[in-house]
Structure formats: C-alpha cells, structure tokens
Amino acid sequence: MDNIDDIESVCRVCGYDDGEPRWENGCPNNDICSACGAEAGLNDYILEGVRGLRGYWVGQGAPWTDPTRKPEGWDLLRQMASIPPEWR
C-alpha cells in the first residue's frame, strides 16, 4: 500500500496545489502546473532550477499558464507559502 507521504501534489516552483499528484514515490508524472507552467520532473528536480524558474515567473508578473484554473481571489503570497520547505 502506498504511503500518502510519497505523493506530492504541491508545485515545487509556485506552491499551487490542484490536488493531483505531481510526484509519486519519487517519480514525476510530467504534469504541467496550471499556474507557473513548470513540468514535474523537468523544471522541478534541482533546487537552483526551481528557484530560478520561480524568480522568472514572479518577475514576469506571475502569469497563469491556464488562466481558467486561477481561483477567484487568488493571492500569490498565500500560494507561495505552500511551497514545501525543502524547495524554498
């Protein structure tokens, strides 16, 4: 049986969590984040790369890759507070 701790649904780059697994048992599912556009396993496996992409995304005004998924009353800082500590 899988351990829930082996599933990551929060984007390591921007903190968005749509509830869908991005990483399971240490393996990426290649999901594209609706908020920042990071691809699990491509853009989020090295801390320096994660930080660089995050800085670029925020520097561009934090545009959503899929604006239709952007929650009403969205707050960038609240979302980024959800970034796992090891990926900050």
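A residue counts as buried when its relative accessible area is under 20%. Arg22 sits at 2% and is therefore buried. The model is predicted.

Arg22 pairs with Asp31 through a side-chain salt bridge, 3.0 Å from N to O. Asp31 is partly exposed, with a relative accessible area of 23%. The structure holds five salt bridges.

Another of these bridges joins Arg12 and Glu8, whose side chains meet at 2.8 Å, N to O. The side chains of Arg12 and Glu8 also make a polar contact, at 2.8 Å. Arg12 is buried, at 6% relative accessibility. Glu8 is partly exposed, with a relative accessible area of 22%. Arg12 belongs to the loop between strand 1 (7-8) and strand 2 (23-24). Leaving aside residues up to four places away in sequence, Arg12 touches Trp23, Asp44, Tyr45, Val50, Arg54, Ile83, Pro84 and Trp87.

Asp75 is partly exposed, at 31%.

The cysteines were examined next. A disulfide requires a pair of cysteine sulfur atoms within 2.5 Å. By this rule the count is zero. Cys11 is in no disulfide, because the nearest cysteine sulfur, that of Cys36, is 3.6 Å away and the cut-off is 2.5 Å. Cys14 is likewise in no disulfide; the nearest cysteine sulfur belongs to Cys33, at 3.6 Å. Cys14 is buried, with a relative accessible area of 0%. Cys11 is buried too, also at 0%.

Backbone geometry picks out two residues. Asn25 has a positive phi of about 50° although it is not a glycine. Asn25 lies in the loop between strand 2 and strand 3 (27-28). At 44% relative accessibility, Asn25 is partly exposed. Ala62, also not a glycine, has a positive phi near 55°. Its place is the loop between helix 1 (47-59) and helix 2 (76-80). Ala62 is buried, at 5% relative accessibility.

Methods. Residues numbered from 1 in each chain as written. Predicted model: local features only at pLDDT ≥ 70, side-chain atom pairs only at ≥ 80, totals over all residues. Heavy atoms only, no water. Helix = DSSP H or I, 4+ residues; strand = E, 2+ residues; numbered from the N terminus. Buried < 20%, exposed > 50% of the residue type's maximum accessible area, 1.4 Å probe, protein only. Polar contact = N/O pair within 3.5 Å; in protein donor to acceptor, adjacent residues only side chain to side chain. Contact = heavy atoms within 4.5 Å. Salt bridge = Lys/Arg side-chain N within 4 Å of Asp/Glu carboxyl O.
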